[in-house]
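Visitor: Hi, could you walk me through this structure? I'm new to this, so please go slowly.

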Amino acid sequence: MSLLGKLKERNVFRVGMAYIVAGWVLIQIADVVLRQFGVDDWAIKFIVFLCLAGFPLALWLTWTFALTPEGLRLERYVERDPDAEDVAGKRLDFIIIALLAAVVGLEALERFVPVPTTAPVVSAADPATAPAGDAADTVAATAAEPEPIEILENSIAVLPFDNLSADPAQE
């Protein structure tokens with residue numbers, strides 16, 4: 001039997017595909033969750049490194065061992081049953097389909113759900129609740145001054161269509 005036939009018989013391709021999709025889902029979830037907790041970027045890079053380093057190990061384990069009804073066995077001690085291989089292959093196919101559905105769901109969630117932005121709200125202090133003395137003047141002064149807006153290089157100016165001048169020729 002050829003090498004490709006052996007790889008297919010031992011489900012190496014299916015396990016490899018399942019590992020790639022599961023690793024991608026793990027990296028996406030870790031990216032979202034760890035950023036919410038303020039974890040540094042090195043943690044995400046470490047998870048990506050572990051996923052990449054584990055890929056050859058997963059393929060080697062799939063090549064070396066077989067999952068049988070009796071548990072994990074070395075491949076050389078397993079007698080191949082076409083019916084059992086078909087059941088194991090279908091199980092791996094369902095796992096891959098479920099992981100791909102999770103990928104599609106995560107991508108849809110990322111693209112179509114707006115990310116809430118938290119902008120600081122500055123409002124004038126209520127005179128009834130404002131502190132007395134110089135602190136009240138400072139609060140009122142900082143509330144009245146707008147914060148400078150950073151203008152990006154690729155920005156678009158929005159101009160009104162109404163004639164706001166007194167000259168009717170400008171319309």
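Guide: Let us begin with a term we will need: rings of Phe, Tyr and Trp (its six-membered ring) count as a pair if their centres lie within 6.5 Å. Please also keep in mind that what you see is a predicted model.

Visitor: OK, so how many aromatic pairs does that rule give here?

Guide: By this rule the count comes to 1 aromatic pair. The partners are Y19 and F55, whose ring centres are 5.7 Å apart and whose planes stand at 50°, so the pair is called tilted.

Visitor: And which helices do Y19 and F55 lie in?

Guide: Y19 belongs to helix 2 and F55 to helix 3, so the pair ties together parts that are 36 residues apart in sequence.

Visitor: What are the relative accessible areas of Y19 and F55?

Guide: Y19 has a relative accessible area of 25%, which makes Y19 partly exposed, and F55, with 26%, is partly exposed too.

Visitor: Let me zoom out. How many helices and strands does the protein chain have?

Guide: The protein chain has 5 helices and 2 strands, and from the N terminus on the elements run α-α-α-β-β-α-α.

Visitor: What share of the residues is buried?

Guide: Of the 171 residues in the protein chain, 18% are buried. As for contacts, if we take those between residues at least 6 apart in sequence, 60% of them join residues at least 24 apart.

Visitor: Back to helix 2 and helix 3, at what angle do they pack?

Guide: Helix 2, which covers residues 12-36, and helix 3, which covers residues 41-64, pack at an angle of about 165°, and their axes are 10 Å apart. Angles over 145 degrees count as roughly antiparallel, and helix 2 and helix 3 are therefore roughly antiparallel to each other.

Visitor: Is the crossing left-handed or right-handed, and what sort of residues make up the contact?

Guide: Helix 2 passes helix 3 in a right-handed crossing. Sorted by class, the contact of helix 2 with helix 3 has 18 nonpolar, 4 polar and 3 charged residues.

Visitor: Which residues does V15 touch, leaving aside neighbours within four places in sequence?

Guide: V15, which lies in helix 2, is in contact with A58, T62 and L92 once those neighbours are left aside. V15 and A58 are 43 residues apart in sequence, while their C-alpha atoms are 7.7 Å apart in space.

Visitor: Now something else, where is V103, and is V103 buried or exposed?

Guide: V103 is found in helix 4, which spans residues 82-112, and V103 is buried because its relative accessible area is 17%, given that buried means under 20%.

Visitor: What is V103 in contact with, beyond its neighbours within four places?

Guide: Leaving those neighbours aside, V103 is in contact with V21, W24 and V25. V103 and V21 are 82 residues apart along the chain, and their C-alpha atoms are separated by 7.6 Å.

Visitor: Last one, where does F65 sit?

Guide: F65 is in strand 1, which covers residues 65-68, and F65 is partly exposed, with a relative accessible area of 29%. From C-alpha to C-alpha, F65 and R10 are 8.7 Å apart in space, although 55 residues separate them in sequence.

Conventions
Residues are numbered from 1 along each chain as its sequence is written. This is a predicted model: local features need pLDDT of at least 70, side-chain atom pairs count only at pLDDT 80 or more; totals for chains, interfaces and linings use all residues. Side-chain values use heavy atoms; hydrogens and water are left out. Axes are lines fitted to C-alpha atoms, for helices over the stretch in contact, and angles run from 0 to 180 degrees between N-to-C directions. Helices (H or I, at least four residues) and strands (E, at least two) are DSSP runs, numbered from the N terminus. Angles under 35 degrees count as roughly parallel, over 145 as roughly antiparallel, 65 to 115 as roughly perpendicular and the rest as oblique. A crossing is left-handed if the near helix is turned anticlockwise from the far one by less than a right angle, and right-handed if clockwise. Ala, Val, Leu, Ile, Met, Phe, Trp, Tyr, Cys and Pro count as nonpolar, Asp, Glu, Lys and Arg as charged, and the others, Gly among them, as polar. Buried means under 20% relative accessible area, exposed over 50%, partly exposed in between (1.4 Å probe, protein chains only). Rings of Phe, Tyr and Trp (its six-membered ring) pair if their centres lie within 6.5 Å; planes under 30 degrees apart count as stacked, over 60 as edge-to-face and the rest as tilted. Contact means heavy atoms within 4.5 Å.
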